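Please look at the sequence and the structure below before reading on. The report then takes up a few of the details.

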Amino acid sequence: MAVARRQLHRAAAAPALATSGALAVSNGRARRQHGRAPAMVGRRGLSGARVDASPGSSAEATRLARTGAKVDVKKVLVVGSGGLSIGQAGEFDYSGSQAIKALRESRIETVLVNPNIATVQTSHELADHVYFAPVTPQYLAQIIEQERPDGIMLAFGGQTALNCGVQLEKMGTLAKYGVRVLGTQVRTLELSEDRDLFASALKDIGIPVAQSTAVSTVDDALAAAAAIGYPVIVRSAYALGGLGSGFAADEAELQALASQSLALCPQILVERSMRGWKEVEYEVVRDAQDNCVTVCNMENFDPLGIHTGDSIVVAPSQTLSDEDYQMLRTTAVNVIRHLGVVGECNIQYALNPHSREYCIIEVNARLSRSSALASKATGYPLAFVAAKIGLGWTLPELQNAVTTSTTACFEPSLDYVVTKIPRWDLSKFNHVARDIGSCMKSVGEVMAIGRTFEESLQKAIRSADPSFAGFAPLAGCMPATDAELDEALRSPTDRRLFHLAYAMLERGYSVERLHALTRIDRWFLHKLDNICAQHRALQSPHQTLQTLGRAQLEAAKRMGFSDAQIARLLSAGAKPRATEDDVRAARRQFGLRPFAKRIDTLAGEFPAPTNYLYTTYNAATDDVAFDEHGTMVLGSGVYRIGSSVEFDWCGVSAIRALRALGHKTVMVNYNPETVSTDFDECDRLYFDELSYERVRDIYELERAGGVIVSVGGQLPQNIALRLHQAGVRVLGTSPDKIDAAEDRHRFSRILDDIGVDQPAWKELVSADDAVRFAESVGFPVLVRPSYVLSGAAMNVAHDSAALRRHLALAAAVSPEHPVVVTKFILGARELDIDAVAHNGALLVHAVSEHVEDAGVHSGDASLVLPPATLPPGVMDRVRDIGARVARAFEISGPFNMQIIMQPAADPAAEPLLKVIECNLRASRSFPFVSKVMDTNFVDVATRAIVGEGVPAPRDLMAAAAAWGYTAIKVPQFSWTRLAGADPFLGVEMASTGEVACFGRSPQEAYLISLLATNGFRLPQPQKAVYVGFDDLTELRIAQKVARHFADAGHPVLADSPEAAARLAESGAPVAVAVFDYANRRTLRDAVAASGIDLVVNLAKRRPDDKADRNYAMRRMAVDFGIPLVNDQRCAEMLVDALQALPAGTATAAYGSQPLNVQTPIVAQTWRQYLDSRK
């Protein structure tokens, strides 16, 4: 069995540590210094076996790092990361939550600033004071003035927090209020982020860096590239996830790339390209006494050239020699010392595969995405330790949470392999480029644990998407010719892994040929070849389930093949059909089952009583006794568009509620970015697949009391019925009822039976029938597949040709379930109802209204709570609909509905209410409604699910008008990351995250929420506003926008004389600005010369191609970092919010002073708003 290489590296502990009783390690045995046990603090800790002593540091490093012993602080400000976006996602909820736990344990008062209302860290249980406010230097300065903290932590909020910290230092705010930066100091952050300073600092200590030049203009970039020689790579300063970076093979490519990059950040680095080298990462921790440990080293499966966030990553490294490992490790320690990092940092290397030549690519002097991965891969809680170090504790004083008997200065040594695979959702976007490179595009990631690389990899592939069988060819990834296949392998996309499988299994490509095309290390390719050999053996015409022996089946399972994958291969060709359950039955007859193993990051050298588990077939015994019979909670799996951190909050809330009720808990999840996969949240954590097979395995091993499937989003729902049919006790609402709600046909029929209205619909029988139905009710119509998330393959068809295209796509996305075509209602509004019921009786509910018109996916809509425009009669009718649905589906647990509010034909009549969707599970808005209403809906739902401590029904909306505040949830988009994607809102979800803020009025809440999204700001005084619209736009709104900004002193521009004339009818002066969007060489200069600082594009017609001028306007805005408003209702809400500002904060036209464009509304704590209700 090819187990992961153990890398246990030891050296004598630093002499300076002996006096504190640290463990010194030599000759494989730990000995106590001076016979005295170390004084350890912290209930969390780490693993491993080596500490490096300081040989002496430069004056700069000493000044930065030697902050002395325990820091005397009483109140600390923790800066969050804001809305989830590509490059900055749920990992910062995990790291921030860990930091707050560390602070609370030290009895330090905490203030958290984070507008991401879906996060665990913004719950009552963690921070003492929570501000749902923009994470900007100006708002942080305002909050510092109000709260007067002693210290600030900048390392736990991603690039956003780091950039804010640098600006606060430059503004003098920290010095003015005596706020101490805890952990890594601002000067070190500047050294690591400013590309020129960084290169100079490393050269000072002889550490190689790529030949490079820092520039701030396009001309300087071209000159630098001429000196270095093409190809070059461009890297951006103070940017996250490789934003604005890329490769340029010639002057024309560099001109376009540098123009876009410098529009997004102030400085870029033009450096020698080392494409094809290995990429290796180290996670390093250093305390203020100069003790260092390297916690985890990781190796990219893909060679340099693909951003590490978009690469497959393996830990520990599999292809490095020990000499290479030690060389890079020693370098990492030297660098972290020289830069003066106090806490945790990530170091990324490029390593020449043909020599020992290497250079450092970058250093992140903060917690990062890789830090979260390293924490979950090793069990070493990096964020917790980094926070403790920021408070002055040293590594030898902190306890190891895995062994509970050793200290934090032990380095992990793994006896398993971890594989991380990214998750992309590029297919959701029109015109997006699918290539992957130095700018990150993935929206999430999965992590799998196995005893072999093959096992770990196949588990990870399936976790990334349940439709992936494993390492096998995938439809759509089978080029017809060798030339096309070679190009697909040479130029990576989000599907390259499946191109590899096709090349190896179907086209007979050799390891050598693939290595020449991809530069992927031969070691990895040989491992893939092992999987292919097993694949061929199972697919052999002579191999059937009946002839399959125990040894053959066990070999396949040890190689990571799933039961479903084996069944498919055994059924290939003309062989008898075998099902997944058939394979499972055969496996059980042979006595084959997975074993539960503990995460043991000392490779068995110290006992590991942790509850952090994974399953593997490469073992002979279990590490735990199955005597707790806990309640299983299925997590959300990988973050993707439609399922993100909000479902992690739901999972954590369910676990906490169960524990409060006295239940033993078992969490199953495989997402390293989550709080739910932190092993101090539950009694047992299985870091494993959320498949039917694995959930049954764990359920049977644990002899669990039941399974909760309704708090993890769509993924657990999709296997609920099969689990139920297999005898698994699914708690809460019956899986048969869940299936009825997911099946569009059954759902619609039940609504008819209970007298709840819905849009006209028809179940698809044939495309011709669908067209006839559409013609009878009138276009447009909506195509709605079943059992999908975030509106996947949901489309509006305006004619029969479009309808046929959309029907084919829907059938491909959800082939085993019917597709329903419904009448699409124009000019309507949409409402959301989030609710909890018990035995069919409604317990609590919340009603939110959308700002946008119906037709924008609810995940992309701005939600207003309490509703600002609904009459009491509508609120009562919505509650009645919720109660009827709860009774009809016998709901015990959470559910969510979307309701269309359509104006009646008679203006005096009440609007029509039509249900368009119902999910019998928690929705992405559950954290939002729970925190706005100060009632944890998942806590109520969990009690309803298990039938214990169920609260009495309450109408939380009854007094909503008297709350005294409004909260609005607005979407966070990542358009800038997705080259070519159209920033257009429709029925399929496109946002990657959300933020929500409170206000004394809907207008106030909307404005501060909009300012809290990454990338939005109000236009600077005298800067231009560019307005676009089409024939479906309400001209009144476009004219209102033009008039407002013109009155406020902004030049208003339109993109044609005709558009300018229509806007000028409002009385606003409007000029014409036409750009040559195709000429990237001149576009940046032309846009800069125009002075545009806000783009308002209100077009409602989705374009067919990139030639559309409204598409080009929207894309220009995001490409050059200009704020964009792309919905007419949102634009009107923004104008209303600006006009509603009180005197002194508004524009010259509406108040006595110019608008404070950075902090127009004073930030208040969550508690201050909630207390106003009382």
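The sections below cover strands, aromatic rings, charges over rings, and cysteines in this predicted model.

Strand S32 covers residues 893-902 and is mostly covered, with nine of its ten residues buried. In a regular strand, side chains point in turn to one face of the sheet and then to the other.

S32 has a pairing with strand S29, residues 829-838, that is antiparallel and runs over nine bridges. Within this pairing, Leu-831 stands opposite Ile-899 of S32. S32 also pairs with strand S33, residues 912-919, again in the antiparallel sense, here over seven bridges. Met-901 has Leu-913 in S33 as its bridge partner.

## Aromatic pairs

How many aromatic pairs are there? The count comes to 22 aromatic pairs. One of them joins Phe-429 and Trp-975: the ring centres are 5.9 Å apart and the planes stand at 85°, so this pair is edge-to-face. Phe-429 belongs to the loop between strand S17 (417-423) and strand S18 (444-450), while Trp-975 belongs to the loop between strand S34 (966-972) and strand S35 (993-999), so the pair ties together parts that are 546 residues apart in sequence. Both Phe-429 and Trp-975 are buried.

Trp-523 and Phe-524 also form a pair, with ring centres 5.3 Å apart and planes at 85°, so this pair is edge-to-face. Is each of these two residues buried, partly exposed or exposed? Phe-524 has a relative accessibility of 0%, so Phe-524 counts as buried.

Ring pairs can also link up into a cluster, and one such cluster is made of Phe-132, Trp-963, Tyr-965, Phe-998, Trp-1166 and Tyr-1169.

## Charges over rings

The charged end of Lys-376 sits over the ring of Tyr-94, at 4.0 Å from the ring centre. Arg-722 lies over the face of Tyr-692, and here the distance to the ring centre is 3.7 Å.

## Cysteines

How many disulfides does a search of the whole structure find? The search finds zero disulfides. Two cysteines can be described by their accessibility. Cys-359 has a relative accessible area of 4% and is therefore buried. Cys-477 has a relative accessible area of 3%, so Cys-477 is buried. Both assignments follow because buried means under 20% relative accessible area.

Notes
Residues numbered from 1 in each chain as written. Predicted model: local features only at pLDDT ≥ 70, side-chain atom pairs only at ≥ 80, totals over all residues. Heavy atoms only, no water. Buried < 20%, exposed > 50% of the residue type's maximum accessible area, 1.4 Å probe, protein only. Helix = DSSP H or I, 4+ residues; strand = E, 2+ residues; numbered from the N terminus. Pairing = 2+ DSSP bridges. Phe/Tyr/Trp six-rings, centres within 6.5 Å; stacked < 30°, edge-to-face > 60°. Lys NZ or Arg CZ within 6 Å of the ring centre and 35° of its normal. Disulfide = S-S within 2.5 Å.
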